[in-house]
Amino acid sequence: MSIEVNNETEAQVDLQAVEKLARFVLETMYLHPSTEVAVVFVDEEAMSQLHVEWMDLEGPTDVMSFPMDELRPGSANTPAESGILGDVVICPAVAAEQAAAGGHSVQDEVLLLTTHGLLHLMGFDHDEEAERAEMFGLQRKLLESFLGRPAPKETVE
């Protein structure tokens, strides 16, 4: 798998942990071994620009996902097709605010947002209650398996 993780901010982000989590999620979801994905950390100004451009909403948000080849999870017997999964963009400043509100570490919030963004790239959503239950349940299961402990409380909506 090709997993590119870049921090374009002054914030301290454990890029190795993010890369390990991304690899864990992609492997657990049976994506093809040659799948490509990028996780990029940007400042509030850059995230605000993306938020306006793509969602027509003002201000920075926590995480945005930009799918490419519309890859979907596979199974042990039938892995997903190869391709470019897409990009996950995270704003560490917003993550820090949400971590404080949720009562957990910024690192846990970053990992939660990474998982959330990756699931969006794989076609999961949370617009409807059944979708939300499926996506957030899977998000929690993946995080808890990766962390080996309870996952932080969801702060993403």
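Which strands does helix H4 lie across, and at about what angle does it run to S4? Helix H4, residues 106–121, lies across S2, S3 and S4, and runs at about 145 degrees to S4. Axes here are lines fitted to C-alpha atoms, for helices over the stretch in contact, and angles run from 0 to 180 degrees between N-to-C directions. Helices (H or I, at least four residues) and strands (E, at least two) are DSSP runs, numbered from the N terminus.

Colleagues, a word on the model itself. It is a predicted model, in which local features need pLDDT of at least 70 and side-chain atom pairs count only at pLDDT 80 or more, while totals for chains, interfaces and linings use all residues. Residues are numbered from 1 along each chain as its sequence is written, and side-chain values use heavy atoms, with hydrogens and water left out.

I begin with the sheet. It is open, with 4 strands in the order S1-S2-S4-S3 and mixed pairing; two strands pair if DSSP finds at least two bridges between them. At the edges are strand S1 (2–7) and strand S3 (63–67), each of which pairs on one side only. From one strand to the next, the twist averages 10 degrees.

Let us go through the pairs. S1 and S2 are parallel and share 6 bridges, with Glu4 opposite Ala38 in S2. Strand S2 (residues 36–41) and strand S4 (residues 84–90) are also parallel, again joined by 6 bridges. Here Val37 faces Gly86 in S4, and Val40 stands opposite Val89 in S4. S3 and S4, by contrast, run antiparallel, and 5 bridges join them. In that pair, Pro67 stands opposite Gly86 in S4.

How many residues of S4 are buried? Of its 7 residues, 5 are buried, so S4 is largely enclosed by the rest of the structure. S2 is likewise largely enclosed, because 5 of its 6 residues are buried. Buried means under 20% relative accessible area, exposed over 50%, and partly exposed in between, with a 1.4 Å probe and protein chains only.

Next, helix H3, residues 92–102. Its buried residues are Pro92, Val94, Ala95, Gln98 and Ala99. They lie on the same side of H3, because they cover an arc of only 150 degrees around the axis; the arc is that of the directions from the helix axis to the C-beta atoms. An α-helix has 3.6 residues a turn, so residues three or four places apart point the same way. The buried residues of H3 pack against S2, S4 and H4, contact meaning heavy atoms within 4.5 Å. Glu97, Ala100 and Ala101 are exposed on the other side of H3.

Just after H3, Gly103 has a positive phi of about 75 degrees. His104 then sits in the loop between H3 and H4. Is His104 buried or exposed? His104 counts as buried because its relative accessibility is 16%. Its side chain makes a polar contact of 2.6 Å with the side chain of Glu109. A polar contact is a pair of N or O atoms within 3.5 Å; within protein, one must be able to donate a hydrogen and the other to accept it, and residues adjacent in sequence count only if both atoms are side-chain atoms. A polar atom of the His104 side chain also lies 3.4 Å from the backbone oxygen of Gly102. Beyond its neighbours within four places in sequence, His104 is in contact with residues including Gln98, Ala99 and Pro152.

I turn now to the annotated histidines. In an unreviewed entry, UniProt lists His116, His120 and His126 under "binding site"; such annotations may be inferred rather than shown by experiment, feature names are shortened, and positions are given in the numbering used here. His120 lies in helix H4 and is partly exposed, at a relative accessible area of 22%. Not counting residues up to four places away in sequence, His120 touches Ser65, Asp125, His126 and Met135. His126 lies in the loop between H4 and helix H5 (129–147), and counts as buried at 13% relative accessibility. The side chains of His126 and His116 are joined by a polar contact of 3.2 Å.

Finally, Glu154, in the segment after H5. Glu154 and Leu112 are 42 residues apart in sequence, and their C-alpha atoms are 7.4 Å apart in space. Leaving aside residues up to four places away in sequence, Glu154 touches Leu112, Phe136, Gln139 and Arg140. With Arg140 there is a side-chain polar contact of 3.3 Å.
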